[in-house]
Amino acid sequence: MTDATRFLEGQVAVVTGASSGIGQASAIALAQRGAAVLVNYAHDEDGAEETVRRCSDLDARAVALKADVSREDEVRAMVAAAVEAFGAVDVMVANAGIQKDAAFTDLTLADWNAVLAVNLTGAFLSMQEAVRQFRRQGRRSSRALGKIIAMSSVHDVIPWAGHVNYAVAKAGLAMLVKTAAQELASEGIRVNAIAPGAIATAINRDVWSDETKSAALLELIPYGRIGEADDIGEAVAWMASDAADYMTGHIMVIDGGMELYPAFRDNG
Ligand code: NAD
């Protein structure tokens, strides 16, 4: 008898930046539903191996692969490695991202370029190579020809002082997702994004590990808690499934209400 909880059995996912945080949780959530997962990492081999081990513990196939998503040749090699290991790519989770924060006039060109290169160009390259692979392999076990999930942020719409490179990259990513979705829908390729609010991971450890800073952050979250990586991983697994087959070009906000103008909750 087939196990209804393993609704991604036979599907192959590539998750970029899966050695920690949201990428790791996404890889594990996909594996729990039966998907085979290529666990991409940039530097943290131990983290990637930990993700692979946790996927394997869920009876899913998983391999770790080092690749810098801002480099075209490495992204091509990453997708080729998934095909080599598992025969196809059905789901691309373009999750890798970095922050290099600075006040507007202190931000160096190098740090502007670095954040755009990973958070925007890296997603573009990962999505583009996935689409090429979807076309090469043709329709498989899902209703869609292929599925792309990009990791945006509430800062694709909320301006963020001291983080202009990050906010601009995420705003660009949101338009990248919508435009690609429009262009690719007729082929049966679904392109969506998730816009997380504040999720406790390595990227913002300085905030949630500090009592004063985390209290200030909670003021911005009507639901009253900082998010966990699993809050996002669960949505990734659903978005990749046929249950979400009619969804494309959508940015799903998962933020405990951060985008709800919390400053107005006491009548402004
Ligand atoms: P994280 O630092 O734990 O994860 C980021 C991952 O990206 C790491 O595994 C890192 O190694 C990888 N990475 C960085 N540069 C890379 C490169 N060049 N090539 C491949 N991988 C690379 O932080 P996270 O919070 O899990 O972030 C994951 C994504 O979620 C990012 O895109 C981030 O912008 C987004 N996001 C996070 C939050 C949050 O509050 N944590 C909120 C909104 C959006």
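Predicted model: local features only at pLDDT ≥ 70, side-chain atom pairs only at ≥ 80, totals over all residues.
View 1. When residues up to four places away in sequence are left aside, Leu220 touches Met258, Pro262 and Arg265. One of these contacts, Pro262, is 42 residues apart from Leu220 along the chain, yet the C-alpha atoms of the two residues are separated by 6.0 Å.

**View 2. Tyr261, a residue with a positive phi.** Tyr261 belongs to the segment after β7 (251-254), and its phi is near 50°, which is a positive value in a residue other than glycine. Most residues other than glycine have a negative phi. Tyr261 counts as exposed because its relative accessible area is 63%, where exposed means over 50%.

**View 3. Asp59, in the loop between α2 and β3.** Asp59 lies in the loop that joins α2 to β3 (62-66), and here too phi is positive in a residue other than glycine, with a value near 65°. With a relative accessibility of 65%, Asp59 counts as exposed.

**View 4. A negative patch on the surface.** Asp44, Glu45, Asp46 and Glu49 together form a negative surface patch. One of these residues, Asp46, is located in helix α2, which covers residues 45-56. Asp46 has a relative accessibility of 64%, and so this member of the patch counts as exposed.

Key
Residues numbered from 1 in each chain as written. Heavy atoms only, no water. Patch = residues over 30% accessible without salt bridge, like charges linked within 9 Å, V, L, I, M, F, W, Y side chains within 5 Å. Areas by Shrake-Rupley, 256 points an atom, 1.4 Å probe, with all protein chains shown as cover. Salt bridge = Lys/Arg side-chain N within 4 Å of Asp/Glu carboxyl O. Lys, Arg positive; Asp, Glu negative; His and termini not counted. Charge placed at Lys NZ, Arg CZ, Asp CG, Glu CD. Helix = DSSP H or I, 4+ residues; strand = E, 2+ residues; numbered from the N terminus. Buried < 20%, exposed > 50% of the residue type's maximum accessible area, 1.4 Å probe, protein only. Contact = heavy atoms within 4.5 Å.
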